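Colleague: Could you walk me through this one? I have a few questions ready.

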Amino acid sequence: MRDGSSTHPEPTSPNTTIPGWRLILSDAGRLWASREKPFSPAATQAGAERTVDADNLEALRAETDRQEDFAREAEERAAREQETREAPAPEGREEETPEREQTGQVTS
């Protein structure tokens, strides 16, 4: 990092911060952001990146927003899949058993 004393620049205004992300300026002048809290396992497994980089602050904000949106969508998708797995079978329909199949007593 710039002088080795800090891993992120000191914010001077809300315009130079990204809430929930730590900003880092590399020795080469490239901007990086690292999410302060890890993404959920579902978001991480889907590919959400906790650390991103860009050429300028505007592009860095866009990339952190993209990662947050991606993570949120992955979490919502995982929650829907979990609900589907846990949903009870539709009522009023009995499961077909080998005994019923043999006697022709299959309900529809």
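This is a predicted model: local features need pLDDT of at least 70, side-chain atom pairs count only at pLDDT 80 or more; totals for chains, interfaces and linings use all residues.

Colleague: What distance does α2 reach from its first C-alpha to its last?

Modeller: α2 covers residues 57-86 and has 30 residues. At 1.5 Å a residue, 44 Å is expected. The model comes close to that, with 43 Å.

Colleague: Against which elements do the buried residues of α2 pack?

Modeller: Leu 60, Glu 63, Thr 64, Gln 67, Ala 71 and Ala 74 are the buried residues of α2. Leu 60, for one, touches Leu 23, Leu 31 and Val 52, among others. The elements that the buried residues pack against are β1, β2, α1 and β3.

Colleague: How many residues make up the largest nonpolar core?

Modeller: Two or more residues of this core come from each of β1, β2, β3 and α2. Among its members are Trp 21, Phe 39, Leu 60 and Ala 71. The total is 12 residues.

Colleague: And are the rings of Trp 21 and Phe 39 stacked or edge-to-face?

Modeller: Both residues are buried, Trp 21 at 5% relative accessibility and Phe 39 at 8%. Trp 21 sits in strand β1 and Phe 39 in the loop between β2 and α1, 18 residues apart. Their ring centres are 6.3 Å apart and the planes are at 65°, so the pair is edge-to-face.

Methods:
Residues are numbered from 1 along each chain as its sequence is written. Side-chain values use heavy atoms; hydrogens and water are left out. Rings of Phe, Tyr and Trp (its six-membered ring) pair if their centres lie within 6.5 Å; planes under 30 degrees apart count as stacked, over 60 as edge-to-face and the rest as tilted. Helices (H or I, at least four residues) and strands (E, at least two) are DSSP runs, numbered from the N terminus. Buried means under 20% relative accessible area, exposed over 50%, partly exposed in between (1.4 Å probe, protein chains only). A nonpolar core is a set of buried Ala, Val, Leu, Ile, Met, Phe, Trp, Tyr and Cys residues joined through side-chain atoms within 4.5 Å. Contact means heavy atoms within 4.5 Å. The expected span of a helix is 1.5 Å times one less than its number of residues. Lists of a residue's contacts leave out its neighbours within four places in sequence.
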